[in-house]
Every structure is written in C-alpha cells, then in structure tokens.
Amino acid sequence: MAKLTIPEEELMIPGHMGCLGCGGALAMRYVLKGLGKRTIVSVPACCWAILSGIFPNTCLRVPMVNTAFEVTGASISGIRAALDALEIEDVNVLGWAGDGGTLDIGIQALSGAVERGHDFIYVCYDNEAYMNTGIQRSSGTPEGAWTTTTPVGDTQAWKKGPKKNMVEIMVAHKIPYTATASVGYPEDLIKKVTKAKGIKGPKYIHVFAPCPTGWRMPPGKSVEVAKLAVQTCAFPLYEVENGVYNISKKPKKKPITEYLKIQGRFKHMPSDMVEKFQKDIDKEWELLLKKEEFTKSL
Amino acid sequence: MVKKVITGNYASSYGAKLARAQVIAAYPITPQTSVVEKIAEFVASGEMEAQYIKVESEHSAMAACITASQTGARTFTATSAHGLTLMHEMLIWASGARTPVLMTNVNRAMAPPWSVWADHLDSVAQRDTGWIQYYCESNQEVLDTIITAYKVGESRDVLLPSFLTLDAFYLSHTYETVDIPDQDEVDKFLPSFDPPYKFDVEDPHLFGSLSFPHQFYMEWRYQISLSMEKAREKILETEAEFKKIFGRSHGGLLDTYRCDDAEVVLIAAGTMASTIREVVDWYRDKGVKVGLARLRVFRPFPVKEVRELAESVDVIGVLDRSYSFGYGGAFFAETAGALYNVPDKPLIKNYVVGIGGRDVTPDTVSGILNNAISLKDKGELDQEIEWIELKEGGD
C-alpha cells in the first residue's frame, strides 16, 4: 500500500461556504494540514471571509480573525508581538489573503510586515481577480483575461499588462523563505508549508487557487487547470530560500493553448495574443531556469 | 512618587510605561513623535518590557494594536491629525472588535493648507467611531488619564477603545511639573489585562464573521451603545478610586469651575480651558457671575452634566476649536442637542476659535465673555455661530 505523505488530521471541516470546485478552499485545507492545530489565522476581506462560515458557524478548528482588507500584514504583526509579549510559544501565525488583498490593497502592510522580520507565514491564495466581489480585475489578473471590469467588448478591453510578480517582490525583501505552490500538487504544497513552519522570520507562499466561477469553467476542472498551469509553465513551482532559487517541478512544457482553452475567460483571445502569451511564458521560464542556475552557483 | 518637569508628550510615554503597555505599534508624525521616541528609549533600555512594532503607517499601527489586543496584550499607540484620520476605518474596527486599545492623539490641524498647530478637527471627526474621547488640559492629566482610561476601557462592562488628546505644542511640547506615581501603586490600581475572549489555539473561535441583517449585527452595535453608556459611571468611579490612592482627579466628564451661581458659562475643551479659568477669576473679582465647564470627555457626551449645568444658567457659550462645515462646531451642536428636550433652556451660542493653532488669548476670552454677557442682558442671540477674531479680509 502506498504510504500517506499528507497528514490525516482535518483542521478544516465540512460545511464551508465556497463555490463548487473552489481552489481557495483546497488551499486552506492543505495549508492547515501542514501547519497543524497550533495556528492562528488572520483573514481580510476576501472569499475566505465568507467561506469560513456565517455567524455563529466556523469550518476551521483553529482560531481565525477577520480583519480589514488592507491590513493582513499588520494584523499578523500584532498577533506575533502579543504572543511574544505574553510569552506564548510554539504557535504559527498565518496571514491568509487573496491576490487583491495581497498584490493590490494589502501590499503596503505586507511589505512593512516582512521588512520588520516578524515570525509568520503569509499565504496569498491567488485566484487572479476580485472573486468575492464578483470577478473584477486585480493586478494578479493575467494579461488578456476577461473579468467584469475588463469585459473585452468590441474594443478588446481585456486585462492589459502582465500579472504583477508578487513572488519576486517578496524575494526582493530578502526574507528567508518564499515559494510558489498549487492546489494541483498538494504534496508539494504541504511540503513547502512544513518547511516554512520550521524557519524563523517572515515566510511567503503564493498558492495558485483556480476559481471555476470567475475563470468560466466547470467546477470539476479546478485541479486539472491547476496542474496545466504548472505543466505549461504559466505558473512554475519553485522556492527561494535565502536568495537561492530551487525549481520544484521542471515539466516537459505543454503548449499554453492547453491551459487557455478550457477557461472561458480566455476564449476571446486572438491567435496573435495567444502567441504573445506563449512567448512571454517561454521568456519567464528561461529567466527562472537561469536564476536557479546562477543563484545555486554563488 | 517622583516629580519631573516633562512635556505632555513625555507624560504620555511615562503613562504608557506605568500602565505596562505590552504591545506598542506606532508611526511618527509631528507633533506626536517624541511620545513614541521616548517609549523607544524605555524599551531599548529595558525599563519597559514591551514589544514595539515600528509600523509602516498609522493605519497599520491601529490594525496591529487591534489584533494584539485580541491576542490578550495591553496595547498603546500615539498619533496626530492625518495619522488619526488615516486610522478612521480601524478606529471603527477597534470598537466593533471590542478591543480596549489606548491611544494618545496630539490634536493638530488638518491640511491643506499644511498646519501642525492645535486644532480639534482630527479627533472630533472621530465622534462616531465608538471610542471614548478624553480632552486633557495639563501634562499631569495626560499621564493620569492614560492610567485611568485603561481601567475604564478594559472593564468587562465597557471593553471599548479610548483616546486622550492634548493640544499640539500647548501641551505636547510644553514642560510642566508632573508627579510620576510609584509603579507599585499603579500596579495595585491597574491589574493586568484580562479579556473575556482572546485567540487561543486550545479554544478556537472565529472572530468577526459575517452576520446577516436578520441575525445579530444590530444587537452587536446596540451592545456597544450600552457599554458606552456604562463608561459614564465607570469614568467617575475610576477617577474617584484614583483620587483615593493618588490624591488628585481631573473633573469627571464635565469639569466645572465657578459654575455654582454662574449666569454665563463657557464650555470649552483642551488647553484653552486654562486661559478661560484665569479670565473667569478676573470677572469674578469684579463680581460678574461667570463660569467654565471644561468638556473633558466628548464621548460619551456628558448629557446629564450639561443638563444640570443648564438649569441655573442664562447663557452658554460653546467654544469650538474645529468646525463642521454646514452647521456649527460639534461641541456646540452636541450641547444644543442635549438641551433641546429640557424646559427653560439657556441661550446657546457657538464661538469658533483657535482654528489651526491661532492663540486663544485672555483678550479673546474676554471678548467672548463680554459678548455672552450682552446676550444675557438682551435675552436673545445676536447670531448663533460666530467665528472669532477673523483677520480683516478673511471673509
């Protein structure tokens, strides 16, 4: 029999309020498996402010606090400082925010928190738009995507400009551990969470969390599309530990069309746009390979 | 007990140290900065055992104080003007989360034009945030209020955040003699923070989750209102207890001076009260029956005290160091509101003074008193709201 590598204990119990096929729900379940029971989680306005449960219910077996949209970084700084002041040890402090709450409105508080060096794990579950408010573009939305505020139309008003690279922004803060992970690869995700747990200081994990509702695809496709994002190198899995890059999976690269074609949000893309998308991905992947090679050689 | 000659800002730092604040989260802003600098010195020297988060904004300062408080730590921050108004969202969050965070606000004018001088708009604009608001007149009051305000805010009946304010430069940078109480005595007076609910991995709860209109949101807000009502008696009770141990108090919610038989009373907050006190004495020496009611607590508003005062008074002049564009200063509007349902109301006039740190001198106060006395004689108002000592061409 195959050996279970994923902890059996469930800290997220049935009854969450998310949509069918929610990648964000899977992400929380896996991350808590990695962190364990002694965890306090802070969540700003995002899908998870609803998923967690309507008063008086909760689907988590760890303390969770709701906080304002832009303050996740500050809120976890406060929790850690208070735990230190009260001499409470051996508790993980988890910041948990979406791409809007991390890349856009919460970037200042997060930047401040990681720069100050508090001991916490920050997870951005990236569904590439403001899904909780109804699929508006964020700076995490990929170029070319349809959202309700980039509605395409006759003028081709899709999302312009590349997705903000939050992982590199975190790496530039010189924090001890940064990683990407995907709900399509739970073992890799949990391994990274467990590793982060053992490191003192600020840790950042960027989790790819498909949203069938916003990506215009059937709920059953979430895991498949998450895997395809990795296999096409649209969302590479890697870690940066003390400045050294380590790519977790080096797939035999599939064409980007396989990833795009099952998502309604890209269906309007003309062929030249798809070609550009492929070129951008190839360039980014090459750059990542070089970064790994170079930083490992130092 | 030790006597030190210190600024209002340092009195605030000493207050936070004596209260054993455990988590400080603060960001520099003129003229508050020396409050947090002094605390940084206390922490660096080991005199104060606290975690000090040097946040990247005031908004984050308040956010960090809130979760630190929810984790079970006593928290402190300090700010001014734009810092306070940047916090606005989190101020409402703090009372909603029932966290007794304590803050010093150095009252400073809002830009534009830039001004770093005394003005109450910053804190008055936070009226509806669910914070208890104290306005201080002396550096001693600043220190003492920090200690008493923690006790009020942290009491199980209240569980609300509080801020105290001191006027920019008039107190923040002015040296006065301040009694620094013994730590032992403060410890006896102020027990450690013991919230009924906190983050606990052994007893997990979800804090602040969504509540539908048919559920308990409205009742949650009503409970805050009840607690703010309870804060009235708690403030008085705590001050009385403080007086027993430390031998001084600062006048409860409405600090009255020579009001007993007064026909004309000025209501004012902050340092201008000291000037008014002096001028009231001059008028009293001449046999003119005037008095001062210093608005020490703006939230909860001293409705009962204002009504009692109004029973025997002919004219109340309310001095506002801020203005709500569209109708009057807030202290005036609240005073008038508190008296509307009372029979035999006095005349009430609003004097808008000292905006942007303009000095409120004894001459300014005399002019106001003379005007108020003339209203008593005429039995009617000349105008409801008057901006005092505007420069020529200012209109």
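Student: Which residue of S9(B) does A:Val65 stand opposite?
Tutor: In this predicted model, strand S2 (residues 64-66) of chain A and S9(B) pair in the parallel sense over 2 bridges, where strands are DSSP runs (E, at least two residues) and helices are runs of H or I with at least four, numbered from the N terminus. Two strands count as paired if DSSP finds at least two bridges between them. Within S9(B), the residue opposite A:Val65 is B:Phe207.

Student: Which strands are the edge strands of the open sheet of 9 strands?
Tutor: The sheet has mixed pairing and runs in the order S8(A)-S7(A)-S5(A)-S6(A)-S4(A)-S3(A)-S1(A)-S2(A)-S9(B). An edge strand here pairs on one side only, and the two that do so are strand S8 (244-247) of chain A and S9 of chain B.

Student: How many bridges join S5 to S6 in chain A?
Tutor: Strand S5 (residues 177-182) and strand S6 (residues 202-208) of chain A run parallel, and A:Tyr177 of this pairing stands opposite A:Lys203 in S6(A). The number of bridges that join S5(A) to S6(A) is 6.

Student: What area is buried between chain B and chain A?
Tutor: Contact, meaning heavy atoms within 4.5 Å, takes in 35 residues from chain B and 38 residues from chain A. Buried area is the accessible area (1.4 Å probe) that two parts lose on being put together, summed over both. B:Glu56, B:Val201 and B:Leu206 supply 22% of what chain B buries against chain A, more than any other three residues. Carbon and sulfur atoms give 66% of the area between the chains, which is about 2,900 Å².

Student: Which residue of chain A forms a salt bridge with B:Glu202?
Tutor: A salt bridge requires a side-chain nitrogen of Lys or Arg within 4 Å of a carboxyl oxygen of Asp or Glu, and the count between chain B and chain A is 3. For B:Glu202 the closest N and O atoms are 3.5 Å apart, and the partner is A:Lys37.

Student: Which element gives the most to the side of chain B that touches chain A?
Tutor: Strand S3 (51-54), helix H3 (58-71), helix H5 (88-96) and strand S9 (206-207) of chain B each supply at least two residues of that side. With 8 residues, the element that gives the most is H3(B).

Student: How far apart do the C-alpha centres of domain 1 and domain 2 of chain B lie?
Tutor: The bounds, which come from an automatic or database domain assignment, are 2-246 for domain 1 and 254-387 for domain 2 of chain B. Their contact takes 27 residues from domain 1 and 31 residues from domain 2, while the C-alpha centres of the two domains lie apart by 28 Å.

Student: How many salt bridges are there between domain 1 and domain 2 of chain B?
Tutor: The area buried between these domains is about 2,300 Å², of which carbon and sulfur atoms give 51%. The side chains of B:Glu141 and B:Arg296 meet in a salt bridge at 2.6 Å, N to O. Between the two domains, the count of salt bridges is 6.

Student: Which conventions and confidence limits apply here?
Tutor: Residues are numbered from 1 along each chain as its sequence is written, with chains lettered from A and ligands numbered from 1 in the order in which they are written. Side-chain values use heavy atoms, leaving out hydrogens and water, and in this predicted model totals for chains, interfaces and linings use all residues, whereas local features need pLDDT of at least 70 and side-chain atom pairs count only at pLDDT 80 or more.
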